[in-house]
Amino acid sequence: MTESSSNMDVIVSGGGPAGVAAALAAARRGARTLLLERYGFCGGMATAGLVNPWAGHAWHDHVDEQNAPRASLIGGVFKEVNLRLQAGGGFGSVLSDSAFDDELLKRVYDELLLKAGVQVRYHSYVSSLVMDGRRIQAVKVISKGGEETFAAKCFVDASGDADLAARAGCEFTIGRPEDGLTQAMTVSFRMANVDKREMHATGSLRKARALVEPYFQAALASGELHYPHRNFIHFYDYPRAGVLHFNMTRINCVSGLSAADLSAAEMEGRRQAYVLADWLRKSVPCFAESYLEKIATQVGVRETRHIIGRHTMTAEDIVEARKFSDGITRSRYFIDIHNPAGAKDVHQVDGEKGKVKTGFGPPAGDFYEVTFRSLVPLDCPNLLVACRALSATHEAAAAVRVMATMHGIGEAAGIACARACEQGIDVADVPGEWVRTQIPYMHEGPDFGAPWQRPTTFNTQA
């Protein structure tokens, strides 16, 4: 680390999709930017959590018939990332148009950050803050080299859990109001050497899942498989030959703010992954020669803290497709609450294997916007919370928490931080209405161009 890097303009804590986008946006506008990440790579849930595919950007139903027109509501950094993934052969597949190669994503993020001049510190963890009244003056960082202190003018909390905000004394809530329980966790995993030919021939992810579903239901009914954690088969395609991605494990009644709970969740999630993998190999013909290729480095945590901000996103904002003068990204992703205490989710239509009930998302042909004010805590003027811990109710957070949306939220935060440094003001005083003007896609229709369109040809084994 160079001598000058201890005093920055912007410090971003957390290198997930939001943190990367924030760091890129700030650095590209001239701000001296430091990105702190606890792992040896960026991506957060997209890489360490093995969450796939991207969700939150789709104008279309991303599990519907694959010959339907495809379009994205989010451009900017998110589009740039996916164009690079596509160029490397790691974006889109026969059944999942927004599936991506997470190993290639690590490299894409590295390249973009280095080119933008972001100073990246991997294997580094914020342990405490230096405060000046209600403002953050510096962060204390623990790494293999010991403790270091880095000062900045603006800070972005992209930790996913509002760790900086909590340490700064900002107010927050946790989970659902009636009992504080948070959405269930998931350990994602991948199966390789799967014979995907019959699945691909259907041309539809829903139809592909339907090929496996009868085996799953029969095994549950006969007692061959004891799996009370999910009530239907849930997998996605992956942009590599013979590989499928599974988002099917479920760990309830645990807290992402407890090391003990996280430890138990990691082990339980891995146990469930092997239960499913062993059953698939034994009982489903297309998996006969498959193997469990990869389990996520980290359990997928969907929800912990929600800061109290200048605007709290609500379920009504989602289902009424509300637009805002300070809207800084947009989505039509539904209120996707993974049951904190059971297998069936509240949005599920009975007997429809995951179909979403009316009233859990915006109307057809419409979308909602996320406000800049929901990133601004009430009581720390030089901090933005640009991650799933933004100001939102339990229900609204279930819609906006996903990774494509996080790219948009992070990009807006980086733009605002660079502006604050340029003008010598606190980032809380940057008008959200101005930030919106700096995001071109917010003033355009859905993007039907590359890389969103389904390729005309695919390797049928991929």
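How many bridges pair strand E9 with strand E11, and in which sense? Strand E9 (residues 189-192) and strand E11 (residues 244-246) are joined by three bridges in the antiparallel sense. The structure is a predicted model, in which local features need pLDDT of at least 70 and side-chain atom pairs count only at pLDDT 80 or more, whereas totals for chains, interfaces and linings use all residues. Residues are numbered from 1 along each chain as its sequence is written, and side-chain values use heavy atoms, with hydrogens and water left out.

Helices (H or I, at least four residues) and strands (E, at least two) are DSSP runs, numbered from the N terminus. Two strands pair if DSSP finds at least two bridges between them. Strands of a sheet pair through backbone hydrogen bonds, either parallel or antiparallel. Here, four strands form an open sheet in the order E10-E11-E9-E12, with antiparallel pairing. Strand E10 (235-237) and strand E12 (291-295) stand at the edges with a single partner strand each, so one side of each lacks a neighbour in the sheet. From one strand to the next, the twist averages 30 degrees. Helix H7 (residues 259-283) packs on the sheet and touches E9, E11 and E12; the direction of H7 makes about 155 degrees with that of E12. Angles run from 0 to 180 degrees between N-to-C directions, and axes are lines fitted to C-alpha atoms, for helices over the stretch in contact. Contact means heavy atoms within 4.5 Å.

Within strand E12 lies Leu 292. Leu 292 is buried, with a relative accessible area of 15%; buried means under 20%, exposed over 50% and partly exposed in between (1.4 Å probe, protein chains only). Leaving aside neighbours within four places in sequence, Leu 292 is in contact with Phe 189, Arg 190, Met 191, Ala 273, Tyr 274, Ala 277 and Arg 281. Met 191, in turn, stands opposite Leu 244 in E11.

A further packing concerns helix H2 (residues 76-87) and helix H10 (residues 403-423), whose axes are 7 Å apart at an angle of about 125 degrees. The contact is made by Gly 76, Val 77 and Phe 78 of H2 and by Ala 404, His 407 and Glu 411 of H10.

A disulfide is a covalent bond between the sulfur atoms of two cysteines. With a disulfide taken as a pair of cysteine sulfur atoms within 2.5 Å, the count comes to zero. The sulfur of Cys 421 is 4.0 Å from the closest cysteine sulfur, in Cys 154, which is too far for a bond. Cys 154 counts as buried at 1% relative accessibility, and Cys 421 counts as buried at 14%.
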